[in-house]
Structures are given as structure tokens and as C-alpha cells.
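Here's a quick briefing to read alongside the structure.

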Amino acid sequence: MPSTAEPRPRPPAGSPTHRSARGRESGGRSNRDKHLAFAVTAPGLERVTASELEALGIRGPRLGKGGVSFRASTRQLYAANLWLRSATRVVVRIERFRATSFSELESSLRAVPWSTWVPRRAPVRVRVASHGSKLYHTDAIEERVVRVLDRPLHVPARTREGTPGERSTVGTNDSSGAPNDDASDGDDDGQLILVRVNHDEVTISIDSSGAPLSRRGYRLQTAKAPLRENLAAALLLASGWDGTRPLLDPLCGSGTIAIEAALLARNIPPGQHRAFRFGEWPGFEPGTWASVGAEAEAKILDEAPVAIVGTDRDAGAIKAAQANAERADVLGDIDLHEAAISDLTAPAPGPAGDRTGWVITNPPYGARVGGPDLRDLYARFGQVLREQVPGWHLGMLVADHRLAGQTKVRLEEQLRVANGGLRVSYVTGVIPAP
Ligand SMILES: C[S@@+](CC[C@H](N)C(=O)[O-])C[C@H]1O[C@@H](n2cnc3c(N)ncnc32)[C@H](O)[C@@H]1O
């Protein structure tokens, strides 16, 4: 059963009431049970996340830069947090108004129904962005928000250990606009509030996820250059792999792709073992959440219907992958063992009986996992693939297309995204016969 933070008593009202004061729009609540939500993604993954939202029955998701906007009932908002594999977090727009002066800002901020969203004594974090507006001083905007909110500011660990009395908000205030893909934001305590001022329109959004959704909770051990869990899932989803064909990652490192594949194949929600911020909202609906959890539980398969194999030549990486898979409850679904790529062989066929499957992997890039002989590694990899698994699909996350070309597989770019500060591409193709 999916768990969340302690269940809270049911609040007097599930959704904030609609207010129609002139010049204000009540954040996407014209349809009373609909939230206006935004799934934050790493730029480049928006289409993958939009498809996931559609699969959850959410209609008309709209692609933006670094995320996808959608309308959701409370149930769908909870389900999006539980089920989205490729997104970083889900935020809800709770208010929108125009302000060209600090007094206008403050009086509109006072009318925000904070008590529905933020517990009385909960620490908060505020992140402000301003673009093309009279109110451009982001620290001063933040100060007004904090004053009106009248909640303690969350003190991040690094500040706690630093100078006493130092400012304590987390996240940089900037002028860029959309909430950023902040999976690397190490500190996830405190309710995150996002304030965006764009051409004098102020939008207030509230984070519903808490820790980034990419942190499933299973990956405590890593090998070299691990992939984020949500990126690994995005590669699988963008491939069109549906969990009924064998899957092989012959450079599996800490096992992220294989573990995400097992979660997908068994219909296990990626958020099964974690809590979400919305569980702490005064407006939290425990009954709705319990029903979302029960529905998810009923969909989980007892075992993966297909072979999922992860190999790596590094014994430490395989140990880490096994420990991670165990924490994710999918150790029994994955064959994880030490092997060099030259030992690669085809796993057993899937239930459909046909012999083809998928190789989805994240080979060393060079910049992160170095070595002078990367060209040889890619060329050897291509040769082994052609000999052992001709006709299979190949998906690789690569930083250098020329290096990828060494495999001699005709590859098409499916995604372009940043990973560990590098621009990387996800390329796919069909492995030819030798
Ligand atoms: C970029 S890392 C993969 C990271 C992985 N996706 C994760 O999330 O942890 C590349 C991996 O390739 C492995 N590797 C490099 N050369 C290899 C070879 N010839 N045979 C097998 N594994 C190899 C390394 O040990 C390393 O774990």
C-alpha cells in the first residue's frame, strides 16, 4: 500500500473557494474540483510526461518549457504524484493576480487561502522568478510573501551549520520564469512556494510532491555516473518498450534502467515507497488518497512477465544494483550479474514468443566515465550486438553522436536532455545482422 506522510484530519473544505474579485483569477478553480497543475520535467522530457498524464486519464495536457500544464481533480493530482515516472515534481497554481506595486502585491497575497495549503506552523521555502515586470526585485518579493504567510522559514542544513541568523530560504530567486527542474535541490524539507511574476501577472503555485519525484527511495547505493531514476524511466517510455519483451542493460552500473524497467513491467507505481507533500496540507483528503492507493495496489503484477537483465563488468556496481533492486522490491524480477560486454548473450524470449527484445543502456560518455578507448568500447559493443541480438531494438543515452556511430547501428534521436551538466541524446535503432 502506498504510504504518505501521517494522514491529517479532513479539513472543513477540500478545495479553496472561488473568489471573483476584479483583477484576480482564482488559480484554475473555475471548475470547482479542478486544480490547475504543472508537472515539472527536465527540459526535453515534456512529451514523455504528457503521454504519462494522458495514460492516467488526464485530458489535454499542454506542453510548456520544462513541464506540462494540466487540469486535475484532487484524485488525479494525487495519482499524478504516485504514478508519474518521468516528472520531477507537480505544482498547483493556487492564485493569479496583477500587481505593479508592493502594496498591491501584499494586499493580494493576504487574500490567498494559505490555510488550505500550508499548515499553521509548517516551515516554508519560497522561490521567486520575475520577468519583464515592475516588481523585479525577487528578494523583496520573497520578503513580502514570507511576511504575509507568517510561517517559519525552513532552515536548510547547510545554513544551519553556517552563520547564525543567515537567510534561510532554499533555491535561487531568479528571473527565468517557469519552476525549474530541481531534482538536484538536495534539501526538500519545508513547503515549497513558487512565485512567478511575468509582465506584472503574479502566479502563486504550491509544490505537491515534496522530495523530487525522481527520488523513489530505493537508490541508496550508486556506481559511477548514475542516471536519475526519472530519466531512466523516460528512456524506457520513449522507446515504446511495453514490458512484454526482454530487456537488457549490459552496462547497468547501479541498475537504474533495469530497476525502472521492472517497476514498469509489474505496474508498480514509482512513488510506492515514499511520502508526498500534499499529505501534509490541511486540505488533504485521506479517503481519496486511500482509494488511489488501493487502485494502484490492485494493478501490481506479482512478477515481471518478461526477462530483465542487467550486467556490468564492475563487481561493485552489480552489488549496488542488487541492493537497490532489493529496496525497490524487484530483485526477483531482474537477473543482475557481473559480465563484460563481450560476454553478452540474448535472454530468454518473452511471452509473445518472438525472439526480439530491447537493449537500453547508458554507456560511458567520456566526460564522466573516462578512458582513452571509448571508441573501441562502442565499436566492440556494436559488433557484439550484431552477433548476439540482431533484429533487437537498441536505445542508448549518448553525449557524442560520432562515438554512438561506432556501433554501426542506424540511430535516430528521440530525446535531447541534460544529464549531470552535459547535453545528451537518447538515440534508438534496430540492430542489423552482422
Ligand atoms: C555511465 S555508467 C552506467 C550508469 C547506470 N546507468 C546507472 O544508473 O548507474 C557505465 C557503466 O558501464 C560499465 N562498463 C564500462 N565498460 C564496460 C565493459 N566493457 N563491459 C561491461 N561494463 C562496462 C561501467 O562499469 C559503468 O558502470
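In this predicted model, 20 residues surround the ligand. L227, S254, T256, D312 and N362 are the closest of them. Sort that shell by class and you get twelve nonpolar, four polar and four charged residues.

**Polar contacts and burial of the ligand**
- D312 uses its side chain: one of its polar atoms there sits 2.7 Å from an oxygen atom of the ligand.
- L227 goes through its backbone instead, with an N or O atom 2.9 Å from an oxygen atom of the ligand.
- R313 also brings in a backbone N or O atom, this one 3.3 Å from a nitrogen atom of the ligand.
- How much of the ligand does the protein bury? On its own the ligand exposes 600 Å², and the protein buries 96% of that.

**Confidence**
- The protein's average pLDDT is 85, and 82% of the residues score at least 70.
- Residues 1-32 fall below 50 in pLDDT, though the stretch has 86 contacts in the model beyond near neighbours in sequence.
- Residues 159-178 are also below 50, with 39 contacts of that kind.

**F38**
- F38 is part of strand β2, which covers residues 35-40.
- Is F38 buried or exposed? It counts as buried, because its relative accessibility is 15% and the cut-off is under 20%.
- F38 and P61 are 23 residues apart in sequence, while their C-alpha atoms are 9.2 Å apart in space.

Conventions: Residues are numbered from 1 along each chain as its sequence is written. This is a predicted model: local features need pLDDT of at least 70, side-chain atom pairs count only at pLDDT 80 or more; totals for chains, interfaces and linings use all residues. Side-chain values use heavy atoms; hydrogens and water are left out. pLDDT is the predictor's confidence in each residue, from 0 to 100. Contact means heavy atoms within 4.5 Å. A residue is near a molecule or strand if one of its heavy atoms lies within 4 Å of it. A polar contact is a pair of N or O atoms within 3.5 Å; within protein, one must be able to donate a hydrogen and the other to accept it, and residues adjacent in sequence count only if both atoms are side-chain atoms. Accessible areas come from the Shrake-Rupley method with a 1.4 Å probe; for residues, only the protein chains shown count as cover. Ala, Val, Leu, Ile, Met, Phe, Trp, Tyr, Cys and Pro count as nonpolar, Asp, Glu, Lys and Arg as charged, and the others, Gly among them, as polar. Helices (H or I, at least four residues) and strands (E, at least two) are DSSP runs, numbered from the N terminus. Buried means under 20% relative accessible area, exposed over 50%, partly exposed in between (1.4 Å probe, protein chains only).
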